[in-house]
Amino acid sequence: MVNAGAVSDMPQTAEPSVELRQLLDAAVDGIVIISHAGHIVAFNRAAERLFGYRSRELLGRNVGVLMSAAERAAHDAHLTEYLATGTAHILGKGREVSARRKDGSSFPAFLSVGTLQESEPPRFVGFLQDLTLRQHAQQQARRLQERLFHVSRLATMEEMASGIAHQLNQPLTAIANYAQACERLLAKPAADYAEIRGALREITLQALHAGDCIRRLRVLTRHQDGEPQATDINELITDLTDLVQPNARSHDVHYRLELADDLPPAQVHRAQIQRVILNLVQNAIEALADTVGRPRDVLVRTARTADGDVEVGVCDSGPGVQAALAPSLFEPFHTSKPQGTGLGLAISRTIVRDHHGTLEYRANVPAGACFLLRLPRGFRDRK
């Protein structure tokens, strides 16, 4: 679909032969053929269904009637340049456009444009597919993914509930103890106000610590919209430590970090990537539950790859993954946990792919499992 109203307003309405007309009408896609001046010379039945026009209503009219104002202006410029220079910007390529029906409503369409061979002056043919149903299906899939993601992150929070409760209980207990100490000190005939002020400062610090824990939990559990932001991955991982350590200690697991100091920032949705890492760490801690007679370690490390991307490894010293199970690790509802949802790894990989990264498994050496999360140093446009 190419518009050249600016080139010529003289309609060229020579219709195609009966044989060509039958061929056009047999096509599933909408087909519009126009002259070099942008006037419609053929309009098949599929196009009639797409746009709500009958063919006879459009023959000889400028193709701009099927476009939004913005699309019309762009096509004018493309065709004018093509006729003047022979340089093609849209010919032979497919792209999404906003098309306009007879009733004035718009719909998304996939448009491919080509030239008819041996036609002089040149004629152009546009093939159109209605993307409305496809876009609706994509939106439905995104909504389903968000629901599954919500279920998965709530399941992760539930699995970590005891550690989280312990993390919050520590500052709350300290606040209660210091408050009771203040009450006893004030009850003395000669109160030590310096000691009381010290206790009040500790109450403030513990309250801020509890508030910080709650803030981190809220970030992890809320839905995040908007654009990804340049993020220090080491800082993102460090912020999880207060949530992970209590759970690790309660399972007698040694949790440690090895963070590289030369990492570039990565463009990510911070909370989403934190949930991925948290899920991997939780899986690693649980994998060590039956480990006896050897160290129970979980290591989170970062590194810069040879091509400058960011790599995060979550490795444990547990039994590892059986070779027969490894190929299906990231499949939805695949789980070895009695109470597991089987969604954590599948959704984690989806999130990472949405960031144009990768999430892979490999066996740890000498024992255990490693999950490697790789994120590009710059957020790349999806093709």
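What is the mean pLDDT of the chain, and what share of its residues reach 70 or more? The mean is 79, and 77% of the residues reach 70 or more; pLDDT is the predictor's confidence in each residue, from 0 to 100.

This is a predicted model, in which local features need pLDDT of at least 70 and side-chain atom pairs count only at pLDDT 80 or more, while totals for chains, interfaces and linings use all residues. Residues are numbered from 1 along each chain as its sequence is written, and side-chain values use heavy atoms, with hydrogens and water left out.

One stretch calls for care: over residues 2-13 pLDDT stays under 50, and the model has 46 contacts there beyond four places in sequence (contact means heavy atoms within 4.5 Å). Where pLDDT is low, the predicted coordinates should not be read in detail.

Now to the strands (DSSP runs of E, at least two residues, numbered from the N terminus; two strands pair if DSSP finds at least two bridges between them). An open sheet holds five of them in the order β2-β1-β5-β4-β3, with antiparallel pairing. Because β2 (40-43) and β3 (94-100) each have a single partner strand, they stand at the edges, and one side of each is left without a neighbour in the sheet.

| Strand pair | Bridges | Bridge partners |
|---|---|---|
| β3 and β4 (residues 106-115) | seven bridges | V97 and A109 |

β11 and β12 form a hairpin with five residues between them, and G368 in the turn has a positive phi of about 110°.

Key: Helix = DSSP H or I, 4+ residues; strand = E, 2+ residues; numbered from the N terminus.
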